[in-house]
Each structure stands twice: as C-alpha cells, then as structure tokens.
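Reader: I am new to this structure and would like to be guided through it by questions and answers. May we begin?

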Amino acid sequence: MNMIFAQSLSAPSYSGRRGREACIGDAIAEYADQALLTELMLTPKPGLVDRRNSGAHRDMNIDTFLASARAIAPWWSRFVALGYSSAHVSAGAALPLVRPTGVVCEQAMFRATSGVNTHKGAIFSLGLLCFSAGRLQARGTEVSRERLCGEVANICVGLVDRELNRAAPTQTAGERVFRRFGFAGARGEAASGFATVRTAALPVYDRVREDGLDEGTALLHVLLHLLAVNNDTNLISRGGLAGLDYVQAYARRLLRDGGVLAPGGVEKMALFDDALIAGHLSPGGTADLLGLTWFLAQFPK
C-alpha cells in the first residue's frame with residue numbers, strides 16, 4: 001500500500017498589505033479554513049471521510065466536505081471581526097453575540113450539502129476560536145495558544161450546565177449522550193479550553209514535528225493519540241459505550257506498538273479504518289479536535 005498523507009498547506013503570513021491588524025485577521029481566518037482542509041485530506045483516517053473512502057458514512061463523501069468548506073470559508077473572517085468589535089463586552093456576556101453568526105454559518109453549510117451535517121462541530125469550535133482571536137487582537141494581546149483557549153473557556157463558563165442539564169422536549173444526539181453517559185462533547189471541550197487538544201494532541205504534534213517528522217505523518221500520529229483518549233460522543237451515538245471502548249482500545253494497542261511511527265504504521269491505520277467502517281463507527285468529534293490541533297499549532301506556545 002502506498003503511504004497516503006495530507007498535502008502540506010502553506011501557512012498565511014502575519015505581514016502584509018493592509019496593515020498588521022487586518023492581516024492578522026486574514027491570517028486567522030485562513031488558518032481556520034486550512035484546518036478544515038488539512039483534516040479532510042489527511043488519509044487514512046479510521047471511520048472518517050478522506051481521500052481513501054467515505055469512512056462509515058453513506059450520506060457524505062469528500063466532495064460533500066469540500067463543498068461545505070467552500071461555503072463556510074467566508075465566515076471565519078466575520079467571526080474574527082465580530083470578536084474585534086465586541087472586545088469591550090465581558091467574556092460571560094459574549095456568547096449570545098457570536099451565536100447568531102454561527103447559526104447563519106451553519107445554514108450556509110446545510111445549503112451547500114443539501115442538509116447534511118459536515119462541519120457543525122467545527123463551526124462551533126473554530127468559530128469560538130476565531131471570535132476569541134479577534135477579541136485578543138482588539139486588546140493588543142498576543143494571540144497565543146493558551147490565550148485563545150483561555151478566552152474560549154471564559155466565554156463558555158456554565159455552558160454545559162445551561163444547555164446539557166436542561167429539561168428539553170426535544171434533544172440533540174449530543175444532549176442525549178450527556179443525559180445518559182455524562183460526556184459533554186463539543187460544549188465540554190470548549191468550556192475546558194479544549195483540554196483534550198492541549199494535553200493529548202498538541203504536545204505530541206510539537207514533539208514529532210521538532211523531531212523532523214512531516215506534517216501528514218505527525219497528524220496521523222496525533223489522531224491515534226486522540227482516538228485513544230477522547231470520549232467521542234459521535235462514536236457513542238453510533239455504537240454506545242461498547243463502540244467507544246472498542247475504538248479507544250484499538251488505538252491504544254497501535255500506540256503500544258509504536259503507532260504511525262512504527263514500520264507499517266500507516267498500513268495499520270488503513271486496517272483500523274476498515275474495522276470502523278465494518279462496525280459503522282465514525283469518530284467525528286475526534287476529527288474536529290484534529291482540525292483544532294492544526295489550527296492552534298499555528299500560534300505561539
């Protein structure tokens with residue numbers, strides 16, 4: 001089997017044509033767009049849409065994701081600009097300001113995909129990060145990984161209790177998983193300042209990149225680390241706790257053998273992909289965390 005990796009994407013520059021502030025805003029928006037494309041093109045990803053196949057999905061493929069990414073690309077800069085203009089608002093009062101933009105961005109996605117949810121989780125998380133970047137920029141604060149994550153955590157204080165502990169007549173899949181198993185999904189990650197990305201993904205990415213590993217291999221190895229620890233609510237929705245346990249145990253077994261870095265590691269990821277497709281398991285929440293890892297890795301530690 002040929003080794004299939006993500007195409008390397010050049011990062012936007014922070015210097016440029018319309019003043020430093022405008023250029024930083026443009027760069028942040030481009031980072032968000034490239035985070036989606038980098039995650040999508042990375043191959044092979046167990047159970048997920050990539051250049052190898054459509055994963056455990058029958059209602060979407062790589063073209064669906066590309067159409068979605070194109071449709072929502074213009075919105076990243078709007079999240080940044082909204083954060084910049086509302087930097088004077090306290091973090092605790094900021095979420096209602098950004099949510100309407102997120103809803104309209106989701107509508108653009110659904111129009112492009114004929115109603116298929118390709119990037120709803122990514123819009124939520126990357127939208128908050130772009131919004132937070134605009135707020136930091138407006139205050140003259142360095143836009144670093146920790147400050148971005150800290151700002152999102154401050155904005156999302158109490159979010160899990162407000163939205164997942166509520167008694168609602170209709171519930172989303174994420175709300176049902178929380179009520180039954182206590183896993184808070186994307187909301188919990190945001191409220192924690194993306195703790196899983198900060199503790200399980202970014203340190204691995206930094207280490208292997210510093211060792212000279214190419215970006216595609218590094219991200220595949222990071223994905224394996226995320227699959228081993230992330231309580232992915234998408235997996236639970238499809239396969240219950242048994243499905244989650246299966247994926248985490250499989251990932252940990254591969255990591256014990258050296259992961260993607262071991263001889264034949266990429267081929268083993270392809271076999272992992274085949275196994276999840278056979279079990280109709282798709283770790284969509286983990287895919288979002290992988291995109292967030294790439295996004296945050298573009299900023300200073």
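Author: The term pLDDT denotes the predictor's confidence in each residue, from 0 to 100. The model shown is a predicted one.

Reader: What is the mean pLDDT of the protein chain?

Author: Of the residues in the chain, 91% reach a pLDDT of 70 or more. The mean pLDDT of the protein chain is 91.

Reader: How do helix α11 and helix α12 run relative to each other, roughly parallel or roughly antiparallel?

Author: Helix α11 covers residues 233-256 and helix α12 covers residues 265-278, and their axes are 12 Å apart. The two helices pack at an angle of about 170°. Angles over 145 degrees count as roughly antiparallel, and therefore α11 is, relative to α12, roughly antiparallel.

Reader: How many nonpolar residues does the contact of α11 with α12 have?

Author: From α11, the residues Y246, V247, Y250, A251 and L254 take part, and they meet K268, M269, L271, F272, A275 and L276 in α12. By class, this contact of α11 with α12 has 1 charged residue and no polar ones, and the number of nonpolar residues is 10.

Reader: Which helices are included in what covers the buried residues of α5?

Author: Helix α5 spans residues 145-155, and its buried residues are R145, L148, C149, E151, V152, A153 and I155. The elements that cover these buried residues include α3, α4, α8, α9 and α13.

Reader: Is F131 buried or exposed?

Author: F131 has its place in helix α4. Beyond four places in sequence, F131 touches F79, V80, L82, G83, S86, A94, V98 and I155. Its relative accessible area is 0% and the cut-off for burial is under 20%, so F131 is buried.

Reader: What is the C-alpha to C-alpha distance between F131 and S77?

Author: Along the sequence, F131 and S77 are 54 residues apart. In space, the C-alpha atoms of F131 and S77 are separated by 8.9 Å.

Reader: How many disulfides does the structure hold?

Author: A disulfide is a covalent bond between the sulfur atoms of two cysteines. C149, which counts as buried at 3% relative accessibility, is in no disulfide, and the nearest cysteine sulfur, that of C156, is 11 Å away. The number of disulfides in the structure is 0.

Reader: Which peptide bond is cis, with omega near 0°?

Author: Most residues other than glycine have a negative phi, and most peptide bonds are trans. P44 lies in the loop between α1 and α2. The cis bond is the one from T43 to P44.

Reader: What is the phi of F194?

Author: F194 has its place in the loop between α8 and α9 and is buried, with a relative accessible area of 0%. F194 is not a glycine, yet its phi is positive, at about 55°.

Reader: Where is H280 found?

Author: H280, a residue other than glycine, has a positive phi near 55°. H280 is partly exposed, with a relative accessible area of 43%. Its location is the loop between α12 and α13.

Note on methods:
Residues numbered from 1 in each chain as written. Predicted model: local features only at pLDDT ≥ 70, side-chain atom pairs only at ≥ 80, totals over all residues. Heavy atoms only, no water. Buried < 20%, exposed > 50% of the residue type's maximum accessible area, 1.4 Å probe, protein only. Helix = DSSP H or I, 4+ residues; strand = E, 2+ residues; numbered from the N terminus. Contact = heavy atoms within 4.5 Å. Axes fitted to C-alpha atoms, helices over the stretch in contact; angles between N-to-C directions. Parallel < 35°, antiparallel > 145°, perpendicular 65-115°, else oblique. Nonpolar A, V, L, I, M, F, W, Y, C, P; charged D, E, K, R; others polar. Disulfide = S-S within 2.5 Å.
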